Amino acid sequence: MSLLADLKILYHLTMKPVRGKDHASRMESFYAGQAGAYDDFRKRLLQGRQELWNTLDVPEGGVWVDMGGGTGSNLDYFGDKISRLKKVYVVDLSHSLLEVAKQRMIDRGWHGAQAVEADATTFQPPEGPADVVTFSYSLTMIPDWFAAVENALAMLKPGGVLGVVDFYVSRKYPQAGLKKHSWFTRNFWPVWFSSDNVFPTPDHVPFLHRHFDPIHFEERMARVPYIPFIRTPYYIFVGKKRG
């Protein structure tokens with residue numbers, strides 16, 4: 001990854017204005033100029049994705065929906081296991097990112113994978129109930145993330161699995177057993193990320209625990225490229241739809 005490519009990504013992250021009258025056009029405004037270099041930079045920024053995929057079982061002949069899947073890079077974590085699935089949908093609102101995803105599917109020979117330009121709050125797989133739904137650093141970018149989670153819950157079959165990895169901040173007074181972040185962490189990261197329409201919230205973790213039976217849950221801290229000394233919090237959640 002060249003420094004020039006990194007600088008281009010950092011420009012889009014910190015300086016380029018994001019314009020658009022709706023969420024889809026704002027997403028395209030943000031990603032259109034960086035889609036080609038998107039994956040390499042975010043591999044260092046967005047940690048925990050491999051760990052999430054390692055935690056999830058690949059259901060034989062199942063349907064998997066990756067909400068906000070962008071370039072389809074998450075599918076690389078499957079390796080050869082992707083052939084076990086009946087269908088994989090990569091759902092996103094950014095046309096530019098999905099064009100990268102389509103080319104990736106062709107290059108990898110993923111005949112059962114499909115890129116779909118659709119809203120995570122309304123998309124439903126035509127096959128019927130899904131076995132697995134994932135959100136990889138996309139839930140914080142969905143304005144009505146409550147509706148996105150509820151839509152995932154509706155599309156999952158009983159016993160189906162939801163997997164999420166994303167940025168977050170703790171509540172000021174988290175429930176017992178959950179981490180409590182410092183005042184700086186709770187206040188700095190929401191402001192810093194909001195310029196890119198990314199909104200870490202203290203409500204993700206409690207909401208997911210309330211609507212799914214937890215199978216796996218971790219709270220971690222990650223380094224941010226070119227920002228020394230401070231860490232951004234992220235979580236990994238895997239939960240089962242109640243029968």
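Predicted model: local features only at pLDDT ≥ 70, side-chain atom pairs only at ≥ 80, totals over all residues.

I begin with helix α6, residues 145-155, and helix α8, residues 204-211, whose axes come within 12 Å and cross at roughly 25 degrees. Since angles under 35 degrees count as roughly parallel, α6 is roughly parallel to α8. The crossing of these two helices is right-handed. On the α6 side, the contact is made by W145, F146, V149, E150 and L153, and on the α8 side by H204, F207, L208 and H211. Sorted by class, the contact of α6 with α8 has six nonpolar residues, two polar and one charged.

I turn now to the salt bridges, of which a search of the whole structure finds eight. Which residue forms a salt bridge with R104? The partner is D76, with the closest N and O atoms 3.3 Å apart. R104 belongs to helix α5, residues 95-108, while D76 sits in the loop between β1 and β2, 28 residues apart. R104 counts as buried, at 12% relative accessibility, whereas D76, at 32%, counts as partly exposed.

D76 also meets R108 in a salt bridge, at 3.0 Å from N to O. R108 lies in helix α5, so this pair ties together parts that are 32 residues apart in sequence. R108 is partly exposed, with a relative accessible area of 40%.

Elsewhere, R171 forms a salt bridge with D203, their closest N and O atoms being 3.1 Å apart. R171 is in the loop between β5 and α7, and D203 in the loop between α7 and α8.

Finally, E51, E218 and R220 are linked in a network of salt bridges.

Methods. Residues numbered from 1 in each chain as written. Heavy atoms only, no water. Axes fitted to C-alpha atoms, helices over the stretch in contact; angles between N-to-C directions. Helix = DSSP H or I, 4+ residues; strand = E, 2+ residues; numbered from the N terminus. Parallel < 35°, antiparallel > 145°, perpendicular 65-115°, else oblique. Left-handed = near helix turned anticlockwise from the far one by under 90°. Contact = heavy atoms within 4.5 Å. Nonpolar A, V, L, I, M, F, W, Y, C, P; charged D, E, K, R; others polar. Salt bridge = Lys/Arg side-chain N within 4 Å of Asp/Glu carboxyl O. Buried < 20%, exposed > 50% of the residue type's maximum accessible area, 1.4 Å probe, protein only.
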